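Keep the viewer open and follow the residue numbers.

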Amino acid sequence: MYKNYLMYIPREIYNEIVNHIQRKEFTILTGARQTGKTTIARKLFQDLKDQNKSVFYISFEDPDILYHVNTHPENIFKYIRRPVGMTNHDDQPTERTIAIIDEVQYATDPSNFLKYLYDTYSDQLKIIATGSSAFYIDRKFRDSLAGRKRLFIVRTLNFAEFLEFKRHTELKQELMLLRSQSQYISVHIKILMELFEEYLLFGGYPAIVLENDRDGKIQMLKDIRTSYIKKDIDESGIKNKTALYRLMVLLAGQTGNLVNKNELAHSLGIDNKLVEQYLNLLQKCFHVELIRPFYSNLRKELTRMPKVYFYDSGLRNALLNRFGEFEYREDKGQLLENYIFQRLESLYDSENIHFWRTADRKEVDFVVEDSFSKRKAFEVKYQCDKIKKPAYRHFTREYPDIPLTFISHLESGDCLQVLKL
């Protein structure tokens with residue numbers, strides 16, 4: 001995405017990754033394609049090099065390197081410095097060799113490769129590796145590297161990062177003020193909302209955010225929709241590629257709605273087990289998330305069906321081939337609700353984000369389990385005056401200890417303005 005590290009624009013996850021470099025465990029960057037993993041890896045390399053660290057950068061896209069490491073993991077030392085003290089049994093502390101490996105998933109058995117290096121050299125060798133979802137979903141990665149790695153998921157840009165990439169640092173500061181001071185009313189809210197609506201339409205893939213031409217953005221999103229999604233499908237080994245792609249389109253149209261696997265199977269002409277497999281794959285590829293229901297009374301409240309959200313609204317819109325102006329879209333509410341999911345996911349673990357729905361279809365969009373004893377609920381509507389508060393009395397009676405916050409597009413009445421969450 002970026003040809004030169006000097007073009008690097010700060011990502012919020014970067015400092016967290018830097019802090020982990022001191023740890024013994026390997027540092028693994030994964031996430032959807034085109035989210036900036038390689039850019040972060042190159043920036044790490046340059047920063048460590050500037051600190052005079054013994055750091056090396058290699059990519060497994062290079063066929064010569066790949067051939068040798070597939071022959072034996074030891075052959076990596078043809079391309080990086082062998083850790084000092086490994087051959088002469090020197091007991092003195094030595095500086096670790098740091099190896100940054102881009103696209104590690106191209107190795108024949110990346111999990112075994114990393115496991116061997118960790119078990120043999122972990123005191124003197126630090127690996128920082130990037131890998132696509134094809135590597136992440138491999139069972140060997142989860143099993144053989146348990147306790148040997150920490151996973152960092154690089155997502156598309158959040159809205160604050162979006163503003164940074166658009167060179168609107170002052171507007172990012174305004175956003176921080178809106179979030180930290182509930183009574184603050186920004187004089188820049190109009191331009192902030194214009195940029196926010198752009199974000200909802202085109203999402204947060206870094207290269208697309210940096211593209212200023214509207215038609216260029218659309219074409220690049222279509223390229224991600226076809227070329228990069230195709231890579232995910234190819235590397236997953238899925239045989240019925242058409243069905244998987246059609247499933248993504250169906251899910252895009254159902255954003256924020258219940259996922260009925262039986263109906264999806266019928267629409268796609270495949271069995272339920274395949275639908276389950278494909279849904280799991282799409283989650284592991286970091287494209288969608290299925291959130292589960294929250295309940296205390298199993299008999300009255302339980303629905304087994306999850307709700308679906310996309311991690312990037314631009315990809316979602318590309319799947320639907322729908323790029324109309326935000327103001328005139330019929331799915332404004334869906335886009336707003338999907339954003340709130342993304343925002344909550346950045347604040348809480350996705351496993352702690354649920355929705356509430358009864359058998360008679362009373363519903364609250366999100367219930368977040370902040371801790372064992374503290375929960376919050378959120379209901380999202382494009383227009384605050386469309387919220388009928390009596391419809392939520394059942395929830396507030398059942399859960400008087402869970403505060404319910406209404407969120408709308410603009411500041412209005414008792415609703416929290418969307419940017420203040």
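This is a predicted model: local features need pLDDT of at least 70, side-chain atom pairs count only at pLDDT 80 or more; totals for chains, interfaces and linings use all residues.

Residues are numbered from 1 along each chain as its sequence is written, and side-chain values use heavy atoms, with hydrogens and water left out.

Start with the cores. A nonpolar core is a set of buried Ala, Val, Leu, Ile, Met, Phe, Trp, Tyr and Cys residues joined through side-chain atoms within 4.5 Å. Buried means under 20% relative accessible area, exposed means over 50%, and partly exposed lies in between (1.4 Å probe, protein chains only). The largest nonpolar core holds 76 residues. Within this core, Phe 159 and Phe 366 touch the most other members. Helix α9 (residues 189-202) gives the most to this core, with eight residues. Helices here are DSSP runs (H or I, at least four residues), strands are runs of E (at least two), and both are numbered from the N terminus. Which residues does Phe 159 touch, not counting residues up to four places away in sequence? They are Leu 175, Leu 192, Leu 195, Phe 196, Tyr 199, Tyr 339 and Leu 419. Contact means heavy atoms within 4.5 Å. Another core lies apart from the largest one. This other core has 23 residues, among them Ile 80, Ala 107, Phe 113 and Ala 129.

Next come the helix pairs. Axes are lines fitted to C-alpha atoms, for helices over the stretch in contact, and angles run from 0 to 180 degrees between N-to-C directions. Helix α11 (residues 214-236) packs against helix α16 (residues 313-320) at an angle of about 85°, with the axes 8 Å apart. That angle makes α11 roughly perpendicular to α16. The cut-offs are under 35 degrees for roughly parallel, over 145 for roughly antiparallel, 65 to 115 for roughly perpendicular, and oblique for the rest. On the α11 side, the contact is made by Leu 221, Ile 224, Arg 225 and Ile 229. On the α16 side, Gly 314, Leu 315, Ala 318 and Leu 319 make the contact. By class, the contact of α11 with α16 has six nonpolar residues, one polar and one charged. Ala, Val, Leu, Ile, Met, Phe, Trp, Tyr, Cys and Pro count as nonpolar, Asp, Glu, Lys and Arg as charged, and the others, Gly among them, as polar.

Stay on α11 for Lys 222. Lys 222 is partly exposed, at 24% relative accessible area. Lys 222 touches Asn 321 and Phe 323, not counting residues up to four places away in sequence. Glu 95 and Lys 222 are 46 Å apart, C-alpha to C-alpha, and 127 residues apart in sequence.

Move on to α13 (residues 261-268) and α14 (residues 272-284). How do α13 and α14 pack? Their angle is about 105°, with axes 9 Å apart, and they are therefore roughly perpendicular to each other. Lys 261, Asn 262, Leu 264 and Ala 265 of α13 meet Asn 272, Val 275, Glu 276 and Leu 279 of α14. The contact of α13 with α14 divides into four nonpolar, two polar and two charged residues. Lys 273 also sits in α14. Lys 273 is exposed, with a relative accessible area of 72%. The C-alpha atoms of Lys 273 and Asn 262 are separated by 9.9 Å, eleven residues apart along the chain.

Now the cysteines. A search of the whole structure finds one disulfide. A disulfide is a pair of cysteine sulfur atoms within 2.5 Å. Cys 384 and Cys 415 form the link, with sulfur atoms 2.0 Å apart. The link is right-handed, with 85° about the S-S bond. Cys 384 is in the loop between β10 (375-380) and α18 (393-398), and Cys 415 is in the loop between β11 (404-408) and β12 (416-417). The pair links distant parts of the chain, 31 residues apart. Cys 384 is buried at 14% relative accessibility, and Cys 415 is buried at 5%.

Finish with two backbone angles. Most residues other than glycine have a negative phi. Asn 52 has a positive phi, near 65°. Asn 52 is found in the loop between α2 (37-50) and β2 (55-59), and is exposed at 68% relative accessible area. Arg 361 also has a positive phi, near 75°. Arg 361 lies in the loop between β8 (353-357) and β9 (363-369), and counts as exposed at 66%.
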